[in-house]
Amino acid sequence: MTLYIHWPFCLSKCLYCNFFSVPCENLAIDYAYWKERYINVLINFRREYYDLEEVTSIYFGGGTPSLMPTKFFDDILNTIRKFFKIATAPEITVEVNPSSVDAFKIKTLRSIDINRLSIGIQALHDNDLKTLGRRHSYLEAIEYLEMAGMYFDNVSIDLIYNRPGQILKNWENELVYALKLPIKHISLYELIIEPNTPLKKLIDSKQLPQQNQGSKFIEKTIEIAEAAEFKMYEISNFAKPGYEGRHNLSYWKYNNYCGIGPSSHSRIMKNNQKIAIEQIANNKKWLLWAKNPIFNEVVLSEDDVFKEKLIMGLRSKVGIFLDEFSETIKNKYSLLKKISNLLKNSYIMIDDNNIKLTKDGLLRLNLIIEYLVRE
Ligand SMILES: C[S@@+](CC[C@H](N)C(=O)[O-])C[C@H]1O[C@@H](n2cnc3c(N)ncnc32)[C@H](O)[C@@H]1O
Ligand code: SF4
């Protein structure tokens, strides 16, 4: 199983972002208080649900977890080590925003056994960084990346493409440059214009140009990344051999995961049923709840599990296995007929019962998922 710790603060909100986090530049955060609550929820989760399955990865995400003091990470990791069974050489990742770390912080993170950094660079152009509402410049991001490389072997970066008004040729040049940086992994996300974000308002009011057609960007992105020997293992994730993110892979395999922190989710097997647990996306309420946590369990139906497995598996190289689904599900969603249609159109490939999307299929990921989950 994997553990995810969500830190719900950022210095300020980026204009495109819909993840749950609260701007904290002017807040005095009581870290000791927060830490005590995280530890309490972890211990309670362990008591309620933990069946001694080995923890293979731990991921500090957010928000901006790199704002947390090193001692905070260390105490949470020590609690996990004390109460959970940890696999040999677990992957331990921290999401880092270049505006919130310095060399000392990077060095101390490595000294407490964190072994992977995921740096949110987003763009390699100062104008676009401004458009996205990022606080760092392109040069600052590169400096942090180089600093990270001094202490960490396993460094990943995030970039966002198809930004408002971005033309494909410019993105191609930027990507070619990015892939030469000292990194082992890269997450390349097509910009989603989320509802209720300042970016959406700027585009709707024509203060910013629209996005261009996405599929051309995705196609070129895959082609350029793979030519640079970053192999695609999920629609947005590319890695050098041996550096695929184990944490994300385990989501796509639909393994058990435990999320701790405001807005986090968990999926756990209990009494042979998959259950979902969501923690509240409100810091004040979460802190109150975390004092004496009672988890809000929802038992997922067979249909829910089918849909989640499909969504997780098909976007990645994990794929899906038809024999994991009951005859009822196969009949209800006419899976055999649909799979045969997708195969005829070369949108999927089947290898020893394992169904995966081809590149043509991946370019139509959402349409194919909609087609398969339609009754
Ligand atoms: C939760 S963020 C954490 C990273 C870190 N807080 C940072 O921004 O530096 C994870 C990644 O999701 C991506 N992301 C967030 N909102 C997005 C959006 N609307 N469209 C595409 N990608 C997005 C960004 O690349 C971001 O680095
Ligand atoms: S992209 Fe990262 S830094 Fe920006 S608001 Fe979202 S979580 Fe915070």
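**Close-up views of a predicted model**

View 1. β1 pairs with β4 in the parallel sense over 6 bridges, and threonine 2 has serine 57 of β4 as its bridge partner. β1 also pairs in the parallel sense with strand β11 (residues 257-260), over 4 bridges. There the bridge partner of tyrosine 4 is glycine 259.

**View 2. The whole protein, for orientation.** The secondary structure comes to 15 helices and 17 strands. The C-alpha trace spans about 55 × 55 × 40 Å along its principal axes. A compact globule of 375 residues would have a radius of gyration near 21 Å, and the protein, at 21 Å, agrees with this. Of the 375 residues, 35% count as buried. Among contacts between residues at least 6 apart in sequence, 71% join residues at least 24 apart.

**View 3. The shell around ligand 1.** Ligand 1 is surrounded by 17 residues, and the closest are Asn97, Gly120, Asp158, Tyr189 and Ile192. The elements that give two or more residues to this shell are β4 (55-62), β6 (116-122) and β7 (154-161). By class, the shell around ligand 1 holds 7 nonpolar, 7 polar and 3 charged residues.

**View 4. The shell around ligand 2.** The residues around ligand 2 are Cys10, Lys13, Cys14, Cys17, Phe19, Ser21, Gly62, Gly63, Thr64, Asn97 and Gly120. They divide into 4 nonpolar, 6 polar and 1 charged. Glycine 63 lies in the loop between β4 and α2 (70-83).

**View 5. Nonpolar cores.** The largest nonpolar core has 65 residues, of which Ile5, Ile80, Ile119, Ala148, Ile157, Leu159 and Ile186 touch the most other members. Leaving out residues up to four places away in sequence, isoleucine 186 touches Ser156, Ile157, Leu159, Ala178, Leu179, Ala225, Phe230 and Phe238. Another core, of 11 residues, lies apart from the largest one; Leu310, Ile320, Ile355 and Leu362 are among its members.

**View 6. The β9-β10 hairpin.** Strand β9 (residues 231-234) and strand β10 (residues 237-239) pair in the antiparallel sense over 3 bridges. The two strands form a hairpin with 2 residues between them. Glutamate 234 has asparagine 237 of β10 as its bridge partner. Phe238, one of the residues that isoleucine 186 touches, falls within the range of β10.

**View 7. An open sheet of 3 strands.** The strand order is β15-β17-β16, with antiparallel pairing. β15 (320-321) and β16 (348-351) stand at the edges, each with a single partner strand, so one side of each has no neighbour in the sheet. β16 and strand β17 (residues 354-357) run antiparallel and are joined by 4 bridges. In this pair, isoleucine 348 stands opposite leucine 357 of β17. Ile320 and Ile355 are among the members of the core of 11 residues.

**View 8. Residues with a positive phi.** Most residues other than glycine have a negative phi, and most peptide bonds are trans. Tyrosine 254 has a positive phi, near 65°. Tyrosine 254 is placed in the loop between α9 (246-252) and β11. With 19 C-beta neighbours inside 10 Å, tyrosine 254 counts as partly exposed, because a residue is buried at 20 or more. Asparagine 271 also has a positive phi, near 45°. The loop that holds asparagine 271 runs between β12 (265-270) and β13 (273-278). With 6 C-beta neighbours inside 10 Å, asparagine 271 counts as exposed.

How values were computed: Residues are numbered from 1 along each chain as its sequence is written. Chains are lettered from A and ligands numbered from 1 in the order in which they are written. This is a predicted model: local features need pLDDT of at least 70, side-chain atom pairs count only at pLDDT 80 or more; totals for chains, interfaces and linings use all residues. Two strands pair if DSSP finds at least two bridges between them. A residue is near a molecule or strand if its C-beta atom, placed from the backbone, lies within 6 Å of it. Ala, Val, Leu, Ile, Met, Phe, Trp, Tyr, Cys and Pro count as nonpolar, Asp, Glu, Lys and Arg as charged, and the others, Gly among them, as polar. A nonpolar core is a set of buried Ala, Val, Leu, Ile, Met, Phe, Trp, Tyr and Cys residues joined through C-beta atoms within 7 Å. A residue is buried if 20 or more other C-beta atoms lie within 10 Å of its own, exposed if 12 or fewer, and partly exposed in between; C-beta atoms are placed from the backbone. Two residues are in contact if their C-beta atoms, placed from the backbone, lie within 7 Å. The radius of gyration is taken over C-alpha atoms; the globule rule is 2.2 Å times the number of residues to the power 0.38.
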